[in-house]
Amino acid sequence: MVGRAADLLCIVGVNHRSGTLALRDSLVFEDQDIPAALHALKASGIGQAVLLSTCDRVEVIAVGSDPSALCMAAMAFLAGHAGQSVEEIRQQGYVRHGKEAVQHLFAVASSLDSMVIGEPHVLGQLKAAHRLSREQGMTGSALESCLQAAYATAKRVRQETGVARHPVSLTASALQVARDLFGDLRSRSLLVIGGVDLGDMMADAFQEAGVSAIMASARRPSLAERLAARLNGHVLPFEAIATALVNADIVIASVGARTWSVTADMVAMALRMRRQKPVLLLDLGVPGDIEAAVGRMPNAFLYDMQDLEHVAEEGRSLRENEARAAWSLVSAEVASFFRCHAERDAVPVIAALHQRFEAERLRALHEAGDDASKATRLLIGRLLHDPSETLRSMAGRPDSAEDYRWAERVLRRLFVLENKD
């Protein structure tokens, strides 16, 4: 393949900023459909490609010797899959090639182009799409070079900036608050009251975080039983909540009734029984499930929806600030990527120069015998003969004056010669 991988990269896609939800929905590829889609790409003349399909974007990431034709083929492929015209894809999508494509790929891998900056899933999705392409024989050295550089950039962004360290959702905020209070959650117990909607999802997140014991209670016993079975927890009668609070380090309440599910008296009694060990109470009910007076008690840490949203908003703001540093890092990595590929272009001529010099050295040594002075004179004369003759010829021809001045500048730079007065 002629040209550098960095110059041959092309990306065609539609994302959450460029296209409507209706178009994005029509473009989505299910996991089981991607192998066939990759074969269709190959049939259209695209030999190296990754098909990335997520809730934020659908992109064809490809390399080829003719980037313009490659982009047109990718656009036609997406249009055919969505049942839309190529013009519709052009209007609601984007085409990147060369340096713009490399920067876009690095930014996507680093989660700087996501709907939620710093979310951790896109890098895994890109690697999974890459794996599928490799299995289908749709990758080569050029595409591999671009993708590996993108992964390395994403790693630097996550290690050297805080773009992924701050919570941006209510669930992530709740986990962050819990970790700030308790540290490792694996030795903590969780009581889920109600467990509908957000409470259900938050209970899942705490289970993934490793809480050691889960108790479930609800006004409807069947709801508590389903939740406990799914989380491998224990069912408690709704009337036993006051007793259960004694053993609960974290409480999630999402009943939404018009009476308190957890009262101040219940928490006060539980704290006495717990010898004032802290308890985190997350009130997700609308209207609230936990009496507001609980929040004024020592060692009782009450967060409602508004409190968690405030934590999330602060996290989003901090990520935005960190994103500026991350973008600077991505720009530096893009420049380094292109510089590295450009430097590789010089390798063949440098190798040829070394071979020529070595051949002349051996020839001079053979002719000079043991006379080192004669050998060095022969070597210098032979190495400089052709360049000197060429320069004299260029200098003596008016039509080569510009070439001569260029050659003179290059030689002075290559051999660190003093400039003329």
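Start by selecting strand 2 and strand 3 (residues 57-63): these two pair in the antiparallel sense over 6 bridges. Here, two strands count as paired if DSSP finds at least two bridges between them. Strands (E, at least two residues) and helices (H or I, at least four) are DSSP runs, numbered from the N terminus. What you have open is a predicted model, in which local features need pLDDT of at least 70 and side-chain atom pairs count only at pLDDT 80 or more, while totals for chains, interfaces and linings use all residues. Residues are numbered from 1 along each chain as its sequence is written, and side-chain values use heavy atoms, with hydrogens and water left out.

Now click on Ala49, and you will find Ala62 of strand 3 opposite.

Touching, or contact, means heavy atoms within 4.5 Å.

Then move to helix 6 (residues 99-109) and pick Phe106. Is Phe106 buried or exposed? Phe106 is buried, with a relative accessible area of 1% (buried is under 20%, exposed over 50%, partly exposed in between, with a 1.4 Å probe and protein chains only).

Finally, show the contacts of Phe106 beyond four places in sequence: among them are Cys146, Ala149, Thr153, Val330 and Phe337. Ala150 is also on that list; its C-alpha lies 4.6 Å from that of Phe106, though 44 residues separate them in sequence.
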